[in-house]
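Trainee: Could you help me learn to read a new structure? I would like to take it feature by feature.

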Amino acid sequence: MKVWRGDANGGEFVEFRVPSDPGMVVLDVVHRIQAMHAPDLAVRWNCKAGKCGSCSAEINGHPKLMCMTRMNEFAEGAEITVSPVKTFPVIKDLVTDVSFNYEKAKTIPPFKPKPKEADGTRRMYQEDVDRVQEFHKCIECFLCQDVCHVIRDHDENKASFSGPRFFVRLAALEMHPLDTNDRLDLIRAKQGLGFCNITKCCTEVCPEDIHITDNAIIPLKERVVSAHYDPIAWALRRVRGKRDQFAPPEAEPPSA
Amino acid sequence: MNDMERHEYDVVVIGAGGAGLRAAIEANALGAKTAIVCKSLLGKAHTVMAEGGIAAALANVWKEDNWRVHFRDTMRGGKLLNNWRMAQLHAQEAPDRVLELEEWGALFDRTKDGLILQRDFGGHRYARLAHVGDRTGLEMIRTLQNHAVASGIDVFMECTLRHLLTDGGRVVGAVGYWRDSGRLIAFGAGAVVLATGGVGKAWRITSNSWEYTGDGIAMALEAGADLIDMEMTQFHPTGMVWPPSVRGLLVTEGVRGDGGTLKNSKGERFMFKYIPDFFRADTADTEEEADRWYEDKRNNRRTPDLLPRDEVARAINSEVKAGRGTEHGGVILDIASRRPADYIKRRLPSMYHQFKELADVDITKEAMEIGPTLHYIMGGIRVDADTEQTTVPGLYAAGEVAAGMHGANRLGGNSLSDLLVFGRRAGASAAEYAKRGATPRIDGTQLGQFADRIAEPFQRSGNENPYAVHSALQDTMQELVGIIRTRSELEEALVRVERLRARAARVRVTGTRRYNPGWHLALDLENLIGVSEAVTRSALLREESRGGHTREDFPKPDPRWGAQNVVARKRDGRLELVTEPIPTAPDELQRLIGDDKPSGEVAVAAAGGAE
């Protein structure tokens, strides 16, 4: 396996050979390289089960989680390269500076719930939370950010574009049955939703199979359009707040 | 050292899992200038991997549930070694902490009438775990993370703190290094909260990630704090066993909570053979009753598949030793033949994904192969139940790093609620202490000595490889301080641990200080080895079998030991062990727990072929 080694000043692929075991994933091989040949090889990882989103890299040029990429996906003797994600600056070897994402996270207006029900509870129905739960599956691996054309080859766009991860986050907040915060002006003006031209690259690489483009980005675009260019919707939104589109369904009888 | 990066805060929280985040949110909300310092990126701590749910007596599914039942379940599950006051506070406050997450944007699965749905788990009388499919931890950590970020709390990511700074017996800060640059960083703090989790990486087969190297426990020991019951380690009964690369990876107890059952290679539901007297009155003794219980809890008793984790892990161990295991040394966990495929995919999506992607097993059609995996440590830093203050002023601890709450065995689902309940309390107490305490004074000499120790592995002349030493430690703890323990093996483990300590001191680090995992591991090894010694010596001292601690040479619970904590502390650089009586619960709580005590031999060896 060839692993990219280097830092911000440059680097190169270095070939390593280690013994293999059944069921190995790319991350296992990287760990074995660390233990046997290169103790200072830099790599991020935590759960090793596709749940934490730490071990993102480009495997043969494709953005993937190292812990979920089985070695038996590759033909015997085929060349395998592992390199750091391209969109973010390299710190060392496979580790990149992903602080862009944590800075963008700070710009998202927080969840602001409406008042509780008269009986002091919060009632939401599974069918209303289903679509938001899809967005909450995001493990923040940032592979969608890595593959997004708007920032992958255009550093200059980073200041005015938050990227698919944060469109998913914004969609989760905007579609949350309890939320009352209004972010549509900000989404249009500051988060750069308009840059996205719906190529669906983000959806393709999402290890959690979140339908980023269809279920998050396109509905957000529609909301922005109807809020800003439909005068009746605009006026209603000013008067009634944004919640009018969520009428709760008929309550079903209580369970056991 | 004069150019060392320095910061001053009222409260410094070390660790950014559920307990650390909740502590920081509370301290910040009370007006304390608060920092979170964590080894990984924000949102990657072990809480993210929690699957099944958060235990809280919300009574949304079974009206009969309340804090008293939860308290009873927790105490009995912990084999009565728990700190009763912590178990009480936990049971009483968990519902509010769960509802608070909802106020911060969490979306739990719902009941038909729109409330938070709750699922069955081992040792819980009623369906009690608030959950989101089988990714509850992700929902919890993201909710807390977003709330902390929105609150403006400063976060120092990929920053490892190595030593606590003290002034006249009080903790006044901490020193460590940035993982990316390798540069040193020191914090002065009015109070420090440890929320660093456990020490799973001392074992070979574990569900834990690289971070769980016992940092907080080792730092607290060094600063003079007491540990209790370090022998109490939890082997989760269901970890993956095949292929080797995923050995130990967690399979949620929710599989059994949602109807899955354990079988041996002969197809027998063997858990019916392992019902201890202590749980007999609460446990079904026929397959028919066990299966009916899922639908009707009023008229049936719980399936023995959902006995507390220590019981199930020992039973699996016995079945495998008796030759009734699977090809790869596990047993069978079957939900495919018991529940419809769409139900399994909806309730357990990440288990479905994990087995499909990593083991080529479709859990809606095939059985899983599982076996015990080191998951958690019930022992840890001794804290005051109400304030989470350790025995050292200025130092607080919450979550897995702290001890007492879970006694000898933790129930599934009681960890996430523990993080929230005691994280909040620790944050509040730390903020309060920082407010009234004197301005912390950093001792420059101590800071300089610690700084030298952090850089020291680069100057060593030895030729040991840190990964090889770590691997040898994992083998030692796995083989000699595992599910079943005995005097001779524990003594052998101590000898080997000492040898490993000497080898660790000869670990030489190559490369630069920039993001160098070999160096980081060389430093973590000292913590791993120090904590492994505390676990082994505590295990040697406790001559009984109780909860997560099973002695082949003392296979019964002993009521005298059941009234004692094993206390470990460092004095003059040496680990001292003593026993001290555990606090007794007041009468009204004692009545809830019941008068019977754990008794009878536990399954220490191969169960005979009496079937």
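Trainee: Which residues of α5(B) are buried?
Mentor: A residue is buried if 20 or more other C-beta atoms, placed from the backbone, lie within 10 Å of its own. In α5(B) the buried residues are B:Asp215, B:Gly216, B:Ile217, B:Ala218, B:Met219, B:Ala220 and B:Leu221. Because seven of the eight residues of this helix (residues 215–222 of chain B) are buried, the rest of the structure largely encloses it. After α5(B) comes B:Gly224, with a positive phi near 100°.

Trainee: What kind of model is this, and how is it numbered?
Mentor: It is a predicted model: local features need pLDDT of at least 70, side-chain atom pairs count only at pLDDT 80 or more, and totals for chains, interfaces and linings use all residues. Residues are numbered from 1 along each chain as its sequence is written, and chains are lettered from A in the order in which they are written.

Trainee: How many helices and strands are there in chain A?
Mentor: Helices (H or I, at least four residues) and strands (E, at least two) are DSSP runs, numbered from the N terminus. Chain A has ten helices and seven strands, and 45% of its 256 residues count as buried.

Trainee: How many residues does each chain bring to the contact?
Mentor: Two residues are in contact if their C-beta atoms, placed from the backbone, lie within 7 Å. Here 52 residues come from chain B and 52 residues from chain A. On the side of chain B that touches chain A, α4(B) gives the largest share, six residues.

Note on methods: Buried ≥ 20, exposed ≤ 12 C-beta atoms within 10 Å, placed from the backbone.
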